[in-house]
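This report looks at selected side chains in one protein chain.

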Amino acid sequence: MRSMFAVLTLLWAGPEFAFALSCREPNGYKIEASGVVYRNFVGKMRKVPGADPKTFQAVGLKPSLADKISYTLDFDGMGTCPSDIYFGKDKGHVFFKERVIEDADPNTFELVEGAYAKDKERVYFRDLIVT
């Protein structure tokens, strides 16, 4: 009976409700004594090679987007939380997770929404150039 109720609730509320229930500790960056690390969706911490911990900052949700409840499906097939952080930058580099985005401008780089970002020259989806 409980499982029948859960199924009916999910059918009525839709996929957004299901993702809200499964939202886990968000992905993101952490500055440690040894450098900058990135926490992925399974909780594994990976060092961000080349990141300067003194000038590093996460590129997070814009305040106008923070109140939106929108869940997207990641390429890994995992539901992502609205507070997941995928991008970071320091004085000389822009990062997607623990990878450098080549030729991205850290001075003008900003989040658009989700895994989309832009700088003065280009638009990016993850670490790929869109335009």
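## A salt bridge at R99

The model is predicted. R99 has a relative accessible area of 36%, so R99 is partly exposed. Its partner is D127: the two side chains meet in a salt bridge, 2.9 Å from N to O. D127 is also partly exposed, because its relative accessibility is 25%.

This pair links distant parts of the chain. R99 sits in strand β7 (residues 99-100), and D127 in the loop between β10 (123-125) and β11 (128-129). They are 28 residues apart.

## Other salt bridges

The count comes to five salt bridges. One of them joins K91 and D52, at 3.9 Å from N to O. K91 belongs to the loop between β5 and β6 and D52 to the loop between β3 and β4, so the pair ties together parts 39 residues apart in sequence. K91 is exposed, with a relative accessible area of 63%. D52 counts as buried, at 19% relative accessibility.

Another salt bridge involves E32 and K30, whose closest N and O atoms are 3.9 Å apart. E32 is partly exposed at 31% relative accessibility. K30 is partly exposed at 45%.

## A buried lysine

K89 lies in strand β5 (residues 87-89). K89 is buried but has no salt bridge. The nearest side chain of opposite charge is E110, 7.5 Å away. A salt bridge needs the nitrogen and the carboxyl oxygen within 4 Å.

A polar atom of the K89 side chain does lie 3.2 Å from the backbone oxygen of F109. Beyond four places in sequence, K89 touches T55, F56, Q57, V59, V94, F95, P106 and F109.

## Aromatic pairs

The structure holds eight aromatic pairs. F56 and F95 form one of them: the ring centres are 5.9 Å apart and the planes stand at 45 degrees, so the pair is tilted. F56 is in the loop between β3 (45-47) and β4 (57-59), and F95 is in strand β6 (residues 94-96), so the pair ties together parts 39 residues apart in sequence. Both count as buried: F56 at 8% relative accessibility, F95 at 0%.

Y86 and F96 make a stacked pair, 5.9 Å centre to centre with 20 degrees between the planes. Y86 lies in the loop between α3 (63-66) and β5, and F96 in strand β6, ten residues apart. Y86 is buried at 8% relative accessibility. F96 is buried at 0%. Y86 and F96 also belong to one aromatic cluster with F87, F109 and Y124.

How values were computed. Residues numbered from 1 in each chain as written. Predicted model: local features only at pLDDT ≥ 70, side-chain atom pairs only at ≥ 80, totals over all residues. Heavy atoms only, no water. Helix = DSSP H or I, 4+ residues; strand = E, 2+ residues; numbered from the N terminus. Buried < 20%, exposed > 50% of the residue type's maximum accessible area, 1.4 Å probe, protein only. Lys, Arg positive; Asp, Glu negative; His and termini not counted. Polar contact = N/O pair within 3.5 Å; in protein donor to acceptor, adjacent residues only side chain to side chain. Contact = heavy atoms within 4.5 Å. Phe/Tyr/Trp six-rings, centres within 6.5 Å; stacked < 30°, edge-to-face > 60°.
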